[in-house]
Amino acid sequence: SPDKLMSGSMRRISIVFAGGVFGAFVNSLLAWYLGRKGIPQQFGVAIAPAWSAQYLYPRLVWGGLWGLVFLAPAWRSGFWVGVFARGVLFSLLPTLFQLLYVFPVLQGKAVLGLTLGKLTPVFVFFYNAVWGFCAALWTYGSKGDA
(Lines give C-alpha, C1' and ligand atoms only; values in the text may rest on other atoms or scores of the structure.)
Protein backbone atom coordinates (compact mmCIF):
# COMPACT_ATOMS: atom_id res chain seq x y z
CA SER A 1 0.00 0.00 0.00
CA PRO A 2 1.14 3.60 -0.52
CA ASP A 3 1.13 4.26 3.23
CA LYS A 4 3.38 1.30 3.89
CA LEU A 5 5.72 2.31 1.07
CA MET A 6 5.93 5.87 2.40
CA SER A 7 6.54 4.75 5.96
CA GLY A 8 9.20 2.32 4.72
CA SER A 9 10.88 5.06 2.69
CA MET A 10 10.79 7.53 5.57
CA ARG A 11 12.17 4.87 7.91
CA ARG A 12 15.06 4.16 5.55
CA ILE A 13 15.83 7.88 5.07
CA SER A 14 15.76 8.36 8.84
CA ILE A 15 18.11 5.44 9.38
CA VAL A 16 20.71 6.54 6.83
CA PHE A 17 20.56 10.15 8.05
CA ALA A 18 21.05 9.01 11.65
CA GLY A 19 23.87 6.74 10.48
CA GLY A 20 25.56 9.69 8.83
CA VAL A 21 25.20 11.74 12.02
CA PHE A 22 26.66 8.88 14.07
CA GLY A 23 29.56 8.53 11.62
CA ALA A 24 30.16 12.28 11.76
CA PHE A 25 30.21 12.22 15.56
CA VAL A 26 32.81 9.42 15.62
CA ASN A 27 34.79 11.14 12.83
CA SER A 28 34.71 14.48 14.70
CA LEU A 29 35.69 12.89 17.99
CA LEU A 30 38.59 11.09 16.34
CA ALA A 31 39.83 14.19 14.48
CA TRP A 32 39.64 16.23 17.69
CA TYR A 33 41.31 13.53 19.81
CA LEU A 34 44.17 12.86 17.41
CA GLY A 35 44.65 16.61 16.90
CA ARG A 36 44.78 17.11 20.66
CA LYS A 37 47.39 14.35 20.95
CA GLY A 38 49.43 15.98 18.16
CA ILE A 39 49.29 13.00 15.79
CA PRO A 40 48.59 14.94 12.56
CA GLN A 41 51.22 17.50 13.55
CA GLN A 42 53.82 14.73 13.84
CA PHE A 43 53.20 14.12 10.13
CA GLY A 44 53.33 17.82 9.25
CA VAL A 45 49.55 18.21 8.99
CA ALA A 46 47.90 21.22 10.64
CA ILE A 47 44.56 19.64 11.53
CA ALA A 48 43.78 20.00 15.22
CA PRO A 49 40.22 21.24 15.73
CA ALA A 50 38.98 22.58 19.05
CA TRP A 51 35.99 20.77 20.54
CA SER A 52 33.11 23.24 20.35
CA ALA A 53 29.55 23.60 19.12
CA GLN A 54 30.85 25.58 16.14
CA TYR A 55 33.08 22.64 15.23
CA LEU A 56 30.61 19.84 15.92
CA TYR A 57 27.15 20.98 14.77
CA PRO A 58 27.88 21.62 11.08
CA ARG A 59 29.79 18.34 10.90
CA LEU A 60 26.82 16.43 12.31
CA VAL A 61 24.39 18.03 9.87
CA TRP A 62 26.68 17.45 6.89
CA GLY A 63 27.36 13.92 8.10
CA GLY A 64 23.64 13.21 8.12
CA LEU A 65 23.21 14.66 4.66
CA TRP A 66 26.14 12.64 3.34
CA GLY A 67 24.52 9.60 4.95
CA LEU A 68 21.84 9.82 2.27
CA VAL A 69 24.34 8.25 -0.16
CA PHE A 70 23.55 4.98 1.63
CA LEU A 71 20.18 5.05 -0.12
CA ALA A 72 22.01 4.21 -3.35
CA PRO A 73 21.76 0.60 -4.39
CA ALA A 74 25.05 -1.25 -4.09
CA TRP A 75 26.33 -4.76 -3.74
CA ARG A 76 25.63 -6.97 -0.75
CA SER A 77 28.39 -9.41 0.10
CA GLY A 78 28.46 -10.37 3.73
CA PHE A 79 28.73 -8.30 6.84
CA TRP A 80 32.37 -7.23 7.09
CA VAL A 81 33.17 -7.03 3.40
CA GLY A 82 29.86 -5.42 2.47
CA VAL A 83 29.57 -2.97 5.36
CA PHE A 84 33.24 -1.99 5.42
CA ALA A 85 33.59 -1.72 1.65
CA ARG A 86 30.39 0.30 1.19
CA GLY A 87 31.38 2.61 4.03
CA VAL A 88 34.80 3.28 2.54
CA LEU A 89 33.43 3.56 -1.00
CA PHE A 90 30.73 6.03 -0.01
CA SER A 91 33.22 8.00 2.11
CA LEU A 92 35.04 8.93 -1.10
CA LEU A 93 32.27 11.42 -1.92
CA PRO A 94 32.71 13.66 1.14
CA THR A 95 36.46 13.16 0.88
CA LEU A 96 36.56 14.48 -2.68
CA PHE A 97 34.18 17.31 -1.73
CA GLN A 98 36.47 18.34 1.14
CA LEU A 99 39.67 18.09 -0.89
CA LEU A 100 38.44 19.61 -4.15
CA TYR A 101 35.89 22.19 -2.97
CA VAL A 102 35.93 22.97 0.75
CA PHE A 103 39.70 23.37 1.17
CA PRO A 104 40.49 25.27 -2.04
CA VAL A 105 37.28 27.27 -2.57
CA LEU A 106 35.74 27.86 0.86
CA GLN A 107 38.84 27.87 3.05
CA GLY A 108 41.60 28.97 0.66
CA LYS A 109 43.84 26.05 1.69
CA ALA A 110 44.75 25.01 -1.88
CA VAL A 111 43.55 21.96 -3.77
CA LEU A 112 43.70 18.88 -1.53
CA GLY A 113 44.31 21.19 1.45
CA LEU A 114 48.03 20.99 0.80
CA THR A 115 48.77 24.24 2.63
CA LEU A 116 47.80 22.30 5.78
CA GLY A 117 50.49 19.71 5.01
CA LYS A 118 51.45 17.29 2.28
CA LEU A 119 49.72 14.36 4.00
CA THR A 120 46.44 16.22 4.52
CA PRO A 121 44.63 14.10 1.90
CA VAL A 122 45.64 10.94 3.78
CA PHE A 123 44.17 12.24 7.03
CA VAL A 124 40.99 13.44 5.30
CA PHE A 125 40.58 10.05 3.63
CA PHE A 126 41.18 8.23 6.94
CA TYR A 127 38.73 10.39 8.92
CA ASN A 128 36.06 10.06 6.23
CA ALA A 129 36.61 6.30 5.94
CA VAL A 130 35.86 6.13 9.67
CA TRP A 131 32.71 8.19 9.01
CA GLY A 132 31.67 5.82 6.21
CA PHE A 133 32.31 2.66 8.19
CA CYS A 134 30.43 3.95 11.24
CA ALA A 135 27.54 5.19 9.09
CA ALA A 136 27.35 1.82 7.33
CA LEU A 137 27.54 -0.02 10.65
CA TRP A 138 24.67 2.08 12.06
CA THR A 139 22.62 1.54 8.91
CA TYR A 140 23.24 -2.20 8.95
CA GLY A 141 22.55 -2.48 12.68
CA SER A 142 19.28 -0.54 12.29
CA LYS A 143 18.09 -2.94 9.59
CA GLY A 144 18.30 -0.24 6.97
CA ASP A 145 20.68 -2.56 5.09
CA ALA A 146 24.10 -1.15 4.39
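Rings of Phe, Tyr and Trp, taking the six-membered ring of Trp, count as a pair if their centres lie within 6.5 Å. Planes under 30 degrees apart are stacked, planes over 60 are edge-to-face, and the rest are tilted. With that rule, a search of the whole structure finds 13 aromatic pairs.

A word on the model before we go on. It is a predicted model, where local features need pLDDT of at least 70 and side-chain atom pairs count only at pLDDT 80 or more, while totals for chains, interfaces and linings use all residues. Residues are numbered from 1 along each chain as its sequence is written, and side-chain values use heavy atoms, with hydrogens and water left out.

Now the overall layout. The chain has five helices and zero strands. Along the sequence, the pattern reads α-α-α-α-α. Helices here are DSSP runs of H or I with at least four residues, strands are runs of E with at least two, and numbering starts from the N terminus. Of the 146 residues in the chain, 39% are buried. Buried means under 20% relative accessible area, exposed means over 50%, and partly exposed is in between, using a 1.4 Å probe and protein chains only.

How accessible is Phe25? Its relative accessible area is 35%, so Phe25 is partly exposed. Trp51 is partly exposed as well, at 37%.

A second pair is Phe97 with Tyr101, and this one is tilted. The centres are 5.3 Å apart and the planes make 35°. Both residues lie in helix H4, residues 79-106. They are four residues apart, about one turn of the helix. Why does that spacing matter for direction? An α-helix has 3.6 residues a turn, so residues three or four places apart point the same way. Phe97 is partly exposed at 29%, and Tyr101 is partly exposed at 35%.

There is also a cluster. Ring pairs link Phe25, Trp32, Trp51 and Tyr55.

Tyr55 takes us to helix H3. Among the buried residues of H3 are Tyr55, Leu56, Leu60, Gly63, Gly64 and Gly67. Seen down the axis, the buried residues of H3 fall within an arc of 140°, so they line one face of the helix. That arc is taken from the directions between the helix axis and the C-beta atoms. The face of H3 turned away from the buried side carries the exposed residues Gln54 and Tyr57.

What about the span of H3? At 1.5 Å a residue, its 15 residues should span 21 Å, and the end C-alpha atoms are 21 Å apart, which agrees. The expected span is 1.5 Å times one less than the number of residues. H5 has 22 residues and reaches 31 Å from its first C-alpha to its last, close to the 32 Å expected.

Gly63 is buried, at 5% relative accessibility. The C-alpha atoms of Gly63 and Gly132 are separated by 9.4 Å, although the two are 69 residues apart along the chain.

Last topic: backbone angles. Most residues other than glycine have a negative phi. Which way does phi go in Ala110, positive or negative? It is positive in Ala110, about 75°, and this residue is not a glycine. Leu112 also has a positive phi, near 70°. Ala110 is in the loop between H4 and H5, and Leu112 is in the loop between H4 and H5 too. Ala110 is partly exposed at 31%, and Leu112 is partly exposed at 30%. After H5 comes Lys143, whose phi is positive, near 60°.
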